[in-house]
Amino acid sequence: MSHSSPPAELDYPFAEPPAHDSYTEVAPGVRWLRFPLPFALNHINIYLIDDGDGWVQVDTGIKSDISYDIWRRHFETTLEGKPIKRVIGTHFHPDHIGCAEFLVDRFDAEFLTSRSEWLTATMLQSETALDATKYWADYYRSAGLDEETMRAVATRGENYAERVGFVPRPFTRLSDGDIVPIGGRNWHVIIGTGHSPELITLYSPDDRLFISSDQVLPGISPNISVHAPEPFGDPLTEFLDSCAKLTALDAKSYVLPMHGRPFYHLHARLEELVRHHAERLALTVDACRTPITVAELLPIMFRRKLDFQQTQFGVGEAMAHVNHLVVLGDLDRIVERGQPHRYVSASG
């Protein structure tokens, strides 16, 4: 995820997040929990929605002993003796469904997600780092990474299974346009794309509550990346289309994101995200006046030094921008056998 300055227009009702073993009630019957993550992005928000005789939980935290210990404390306090009846996983990333197995088994809860997210999670869990290394290495080689960096990044493996418990099955499929009744509210399922294949967001029109997952975040832009299994994909078009789709929601919506703090002024943030990518695209076209590789584009797009994990994100994001521009016809991709791909402005 790349950083951008939080726009001044956003309004944050809460100055501080809840402690890891506590919660903040952000709307009637909606509790905001925050769990730690072992990354530069060091937290995830989770929402518990009161459903009368139990709770519906949106996202889970990453699989780890730390997460399990924090959950056990919440079981004793935050849940107030009521079970978690349903667990909604908004998308396949480990911080969002890593503890799904732990919670579903503990409460015999129903697991809900979209079909594409469930299939992606199931595929990644069965794929070993050894299986993935070759095609990830080919992908990073095509980006022009030097051999030392390429080996270090490619052999890291996705270690998905270490961070995600067994993906629950059976699951209940959520699709765009579905309505999920929870605690007196009708939550409308709105599917977002670009950050992941079929990400679930939830919107309650009666009180303009929007659980945005990672589709709309304050302060940072969601990671929009191309990945090795689909090296010529165009997730940026999908993301920009999703931003346009979400402008149909009330501008006064109260946004509950999975990173950062809840905020108001959804439309201002959507405009900021679209502008951010327009600036990145213009920067990319300008950088490609002479043919360059994605690796050569990284220090232009990201002014800070990237560690191995950030290099993975950086390559994916840079690739998303060049692929998008190739689709638009603004860049040409130069493919030569045994050489990294290079990109050049179609207008010279």
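Which residue in β4 does F35 stand opposite? In this predicted model, the residue facing F35 is I44 of β4.

As a general point, the strands of a sheet pair through backbone hydrogen bonds, in either a parallel or an antiparallel sense. Both β3 and β4 are part of an open sheet of 7 strands, whose order is β2-β3-β4-β5-β6-β7-β8 and whose pairing is mixed. At its edges lie β2 (24-27) and β8 (172-173), each of which pairs on one side only. Helix α3, made of residues 100-107, packs on this sheet. The helix touches β5 (55-58), β6 (84-88) and β7 (110-113), and its direction makes about 155° with that of β6.

A further open sheet contains 6 strands, arranged in the order β9-β10-β11-β12-β14-β15, again with mixed pairing. Here the edge strands are β9 (179-182) and β15 (263-264), and each has pairing on one side only. β9 is linked to strand β10, residues 185-192, by 4 bridges in the antiparallel sense. Within this pairing, V180 has W187 of β10 as its bridge partner.

Stepping back to the whole chain, the model has 11 helices and 17 strands. Its radius of gyration is 20 Å, close to the 20 Å given by the globule rule for 348 residues, so the chain is as compact as a globular protein of that length. Along the principal axes, the C-alpha trace spans about 65 × 45 × 35 Å.

The peptide bond from R169 to P170 is cis, with omega near -5°. P170 sits in the loop between α7 (160-163) and β8, and β8 is one of the edge strands of the 7-strand sheet. E80, a residue other than glycine, has a positive phi near 55°. The loop that holds E80 runs between α1 (65-76) and β6, the strand whose direction was compared with that of α3. H265 likewise has a positive phi, near 85°, and is not a glycine. This residue is placed in the loop between β15 and α9 (266-287), where β15 is an edge strand of the 6-strand sheet.

Conventions:
Residues numbered from 1 in each chain as written. Predicted model: local features only at pLDDT ≥ 70, side-chain atom pairs only at ≥ 80, totals over all residues. Heavy atoms only, no water. Pairing = 2+ DSSP bridges. Helix = DSSP H or I, 4+ residues; strand = E, 2+ residues; numbered from the N terminus. Contact = heavy atoms within 4.5 Å. Axes fitted to C-alpha atoms, helices over the stretch in contact; angles between N-to-C directions. Rg over C-alpha atoms; globule rule 2.2 N^0.38 Å.
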